[in-house]
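Dear colleague,

Please find below the structure for your records. My notes on what was found in it follow directly after.

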Amino acid sequence: MKLVVFLFLLLQVSGTADSRCFCQLTGDLEDCACDVETIDGFNNDQLFPKLQTLLESDYFRFYKVNLNKPCPFWMDLNQCGLTLCAVQPCSPNEVPEGLRSSSHNKYSAEANEQPDECEKAEHLGAVDVSLSAETREALQDWSKHDDEAERFCVVDDEQSPDSQYVDLLLNPERFTGYKGPEAWQIWNSIYEENCFKPYSIKRPLHPSVFQSGAGSDGGAFYSWLEGQCVEKRAFYRLVSGLHASINIHLSARYLLEDSWFQRKWGHNMSEFRQRFDSELTDGEGPKRLRNLYFLYLIELRAMAKVLPFFLQSSFKLYTGRPEEDRKHKAMLLEILELSRSFPLHFDETSLFGGNEKEAAKLKEDIRLAFLNISRIMDCVGCFKCRLWGKLQTQGLGTALKILFSERQIEALPTSSAQRPTFKLSRQEVVSLFNAFGRVSNSIRELKNFRSLLAEER
């Protein structure tokens, strides 16, 4: 009889593993008019398959990045020596000619076919509007300053000799073995120095701290967080959601077997539980998963709002292969139209209301905080982690830029002769779609983890 009772209790405990991870992952999300179930259905059944297909195209799989920038905040001499941390850059002949040709305007193939208006001016009264080299350089500096003033993240200089193209499909985001004090320093710097939290308030800590018996002060932290303005709550939840998304990727593509003849990657259930099980994380794991859904809503909203920019006839997904480029732009527009059709979008007008001067100051504080987070990515010791960290923070930064550029997007000119009121570089476009692809993938992977945990019952 005792044996039967023991087996019953054992089955009961193992059967609650999925509920301990997903116990709070249902119903309405905080500060939103949306629920988890609506997002699951929309993403997994409609958006995810289309988006993953687009990201396999040449325009989106090749990302130019500088992985050799020094850490701007501390001396970092502990570069990861693990084989799995390495990034294999592309050789020049592996990148489509349309991407690597610096002479071509990547957004408008027609722009290069139009003769210079100054050269066409043949009438005697033509005014000499040619610029000196110094003036042109000054104008370029002013334009660069204007662009940077709108950005929420650092964008690498694509002309730098240290910037190289990387094939994202050949360098996928997955577990590399990069962990320990160096990895934790990155996230600690992000949370402690850039999330508007006073040092006296202790945030919920890493699962390993709970397991060591140090405990958590999560109650005090969340009491403090709920007392903050909606903008600062949203900022923290975006960072937490991004952290959760990355942890899901590492748990879903974990090195399960490493032998001389093969490497096997797959879902590591133990790793997933360690990061998201409510008992192992003192209740923090399920909150992190809810923040992932908040992140999804923010990036989805940006995808919907940026549609007018991509509808411009001057915008081309230019790789030098006309048929494929037209096909992939049509696919891109279909995804953006689908994003716009989502019924329960996040309402960004709820942010930065009230006193105009105070709202502008708060917006600038948040922009600079996220800009700082994007700079921290250059301190990541694992090059594979640095690559995907830079891409995903840049993508989220681009999404925030879009959300708070509504007037500029609405005022986009209808003629190519007019100066554009809103611009995105190719680097921003590629990071925006790939970053959203990573979050979309995380939502889809949660469905897989639910099923796998249920099978363990």
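Does Phe-352 count as buried or exposed? At 18% relative accessibility, Phe-352 counts as buried, because the cut-off for buried is under 20%. Please bear in mind that this is a predicted model.

Phe-352 is located in the loop between helix H15 (322-340) and H16. Phe-196 belongs to the loop between helix H8 (181-194) and helix H9 (207-211). With a relative accessible area of 26%, Phe-196 is partly exposed.

Overall composition

The chain contains 19 helices and 4 strands. Of its 457 residues, 51% are buried. The accessible surface of the chain comes to about 22700 Å², and carbon and sulfur atoms account for 52% of that area. Among contacts between residues at least 6 apart in sequence, 80% join residues at least 24 apart.

The disulfide and other cysteines

How many disulfides does a search of the whole structure find? The search finds 1. The disulfide joins Cys-71 to Cys-379, with an S to S distance of 2.0 Å. This pair links distant parts of the chain, the two cysteines being 308 residues apart. Cys-71 sits in the loop between strand S1 (62-66) and helix H5 (97-100), while Cys-379 sits in the loop between helix H16 (356-376) and helix H17 (383-403). The torsion about the S-S bond is about 75 degrees, so the disulfide is right-handed. Both Cys-71 and Cys-379 are buried.

Two further cysteines deserve a note. Cys-85 has a relative accessible area of 2% and is therefore buried. Cys-382 is at 0% relative accessibility, so Cys-382 counts as buried.

The strands

Strands S1 and S2 run antiparallel and are joined by 5 bridges. Within this pairing, Tyr-63 has Val-166 in S2 as its bridge partner. Strand S2 (residues 163-167) is largely enclosed by the rest of the structure, because 4 of its 5 residues are buried.

Strand S3 (residues 254-258) and strand S4 (residues 263-266) also run antiparallel, with 4 bridges between them. A hairpin of 4 residues joins S3 to S4. Leu-255 stands opposite Trp-265 in S4.

Selected helices

Helix H12 (residues 269-276) is mostly covered, with 6 of its 8 residues buried. The buried residues in H12 are Met-269, Glu-271, Phe-272, Arg-273, Arg-275 and Phe-276. At the start of H12, a side-chain oxygen of Asn-268 comes to within 3.1 Å of the backbone nitrogen of Ser-270.

An asparagine is also found at the start of H16, where a side-chain oxygen of Asn-355 reaches to within 3.0 Å of the backbone nitrogen of Lys-357. Does the span of H16 agree or disagree with what its 21 residues should give? At 1.5 Å a residue, the 21 residues of H16 should span 30 Å, and the end C-alpha atoms are 30 Å apart, which agrees. Buried residues in H16 include Leu-362, Ile-366, Ala-369, Phe-370 and Ile-373. Also buried in H16 are Arg-367 and Ser-374, among others. An α-helix has 3.6 residues a turn, so residues three or four places apart point the same way.

Helix H13 (residues 284-305) contains Asn-291. At 7% relative accessibility, Asn-291 counts as buried. Which residues does Asn-291 touch, not counting residues up to four places away in sequence? They are Tyr-236, Arg-237, Ser-240 and Gly-241.

Points to view

- the disulfide between Cys-71 and Cys-379;
- the hairpin that joins S3 to S4;
- Asn-268 at the start of H12 and Asn-355 at the start of H16;

With kind regards

Terms used:
Residues numbered from 1 in each chain as written. Predicted model: local features only at pLDDT ≥ 70, side-chain atom pairs only at ≥ 80, totals over all residues. Heavy atoms only, no water. Pairing = 2+ DSSP bridges. Disulfide = S-S within 2.5 Å. Buried < 20%, exposed > 50% of the residue type's maximum accessible area, 1.4 Å probe, protein only. Polar contact = N/O pair within 3.5 Å; in protein donor to acceptor, adjacent residues only side chain to side chain. Expected span 1.5 Å × (residues − 1). Contact = heavy atoms within 4.5 Å. Areas by Shrake-Rupley, 256 points an atom, 1.4 Å probe, with all protein chains shown as cover.
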